[in-house]
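Hi there,

Here is the structure I promised to pass on. Have a look at it first, and my notes on what turned up follow below.

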Amino acid sequence: MKGSIKKTSLVILTGLGSLIMGCQNDEVIDNLDGTLQIGQYEQEVFDDLTTDEVQSLQTPYEESMTAANPSNGRTMGGSTSIMIDALVEILGEARFKGIEADEERGLAVYRIKFQLEGGGYIEIALIKDIFQILEIVGYGGSLDYNLDPQSGFISLQVAFEKAIAAHSGTVVHWELELEEDNKWEYEIHIENDAGRFEVEIDAFTGDVLEINELDEEDEKEFEKDEDDQHDEEVEEREKHKLPEDIKIALSAMTDARLTLAEKEEGDKNERDIWSIYVKTEHDAVIYLEITDDTEDLIYAKGDEGPFDYDLIIGGDFISLKEALLMVNNEMQSETYYWYYEQVEVEDKVRWAFVIKVKDHKGVYHKIAVDAITTDWLSFETFD
């Protein structure tokens, strides 16, 4: 479903309309004219969930996520990279910006961040064991996009329109999450001259459920949650997962910050692999796979730049920076993405950097470079 994010023009209503400052509590009561009184926002605390409970419910993009899961919706044993690729396909123009392990409602989740063309961010909480979406959050930059979560959910654009019709202003933040009664809701944050308000929308019917006002402390809490600074505690926690020999091997390859490290057990005849994500000084993300027994790098990739970092494999291998410089100097081009893996050429298996570049004419090329001899193993041009 590539391209599910679509540009759309939001109709932002000016003025306060019929702003009703009723009793300041979290219970919303209908006024005689059918409008909703405004309550005071309160931080919500939900009971823990089980994976069985989630699987009994409809979830955002359920069909697409299940189709992308090699275990067909059961416990996933493959690389997180597969699921990130599926989310990129769903979101279309979004760029993958990072991944961290976390816990949400008693379930182990991955928090995966994407950036959109308008500069805004979307963060998705994905349940680790079943790869179903538990929460989607959007903030920052332009919010002039639309999401269609499928599975009977109303679209994000419809939720925005419902929220603005109920309480006029500008949308500055939104969430799609599972509430304490296991009902899905959009929570749309709207700002106007009177402050910041949260409008709760039933994610299936579009009904407006509540309107709550946020005070200054509430707003600071959301600003803290939306802060894009790296949390040093995450890096320390992930480092503790790694055996000392893997730590040493990783530090020799890159000085980028560690954001996720997980050991994936191989089948009978396969080795155990460490799947690792690191973030560079300028927020580019590198994914690596390192063998548990020999600490060898067997796969790596960088989907988004800036590509101003290096990856040192060691031994007789050239570095990533050397491969990128060689190709871009020859092609008068810029790197678009790269990956490192074994390729088969003329019945021989070789380690190679596969690099996609865009030249000064805007034409894309993909070149495979032998990681030891620097020979060009293959060359393709795309329209």
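Let me start with the ring rule: rings of Phe, Tyr and Trp (its six-membered ring) pair if their centres lie within 6.5 Å, with planes under 30 degrees apart called stacked, over 60 edge-to-face and the rest tilted. This is a predicted model, so local features need pLDDT of at least 70 and side-chain atom pairs count only at pLDDT 80 or more, while totals for chains, interfaces and linings use all residues. Residues are numbered from 1 along each chain as its sequence is written, and side-chain values use heavy atoms, leaving out hydrogens and water.

By the ring rule there are 15 aromatic pairs. One of them joins phenylalanine 96 and tyrosine 277, edge-to-face, at 5.9 Å centre to centre and 70° between the planes. Phenylalanine 96 belongs to strand 3 (residues 95–104) and tyrosine 277 to strand 13 (residues 273–279), so this pair ties together parts 181 residues apart in sequence. Strands here are DSSP runs of E, at least two residues, numbered from the N terminus. Both phenylalanine 96 and tyrosine 277 are buried (under 20% relative accessible area, 1.4 Å probe, protein chains only). They also sit in one aromatic cluster with Phe114, Tyr287, Tyr299, Tyr337 and Tyr339.

Lysine 356 may interest you too: it lies over the face of tyrosine 364, at 5.3 Å from the ring centre, and over that of phenylalanine 382, at 5.0 Å. The rule there is NZ of Lys or CZ of Arg within 6 Å of the ring centre and within 35 degrees of the ring normal.

For the whole chain, buried residues make up 48% of the 383 residues.

Best wishes

Methods:
Helices (H or I, at least four residues) and strands (E, at least two) are DSSP runs, numbered from the N terminus. Buried means under 20% relative accessible area, exposed over 50%, partly exposed in between (1.4 Å probe, protein chains only).
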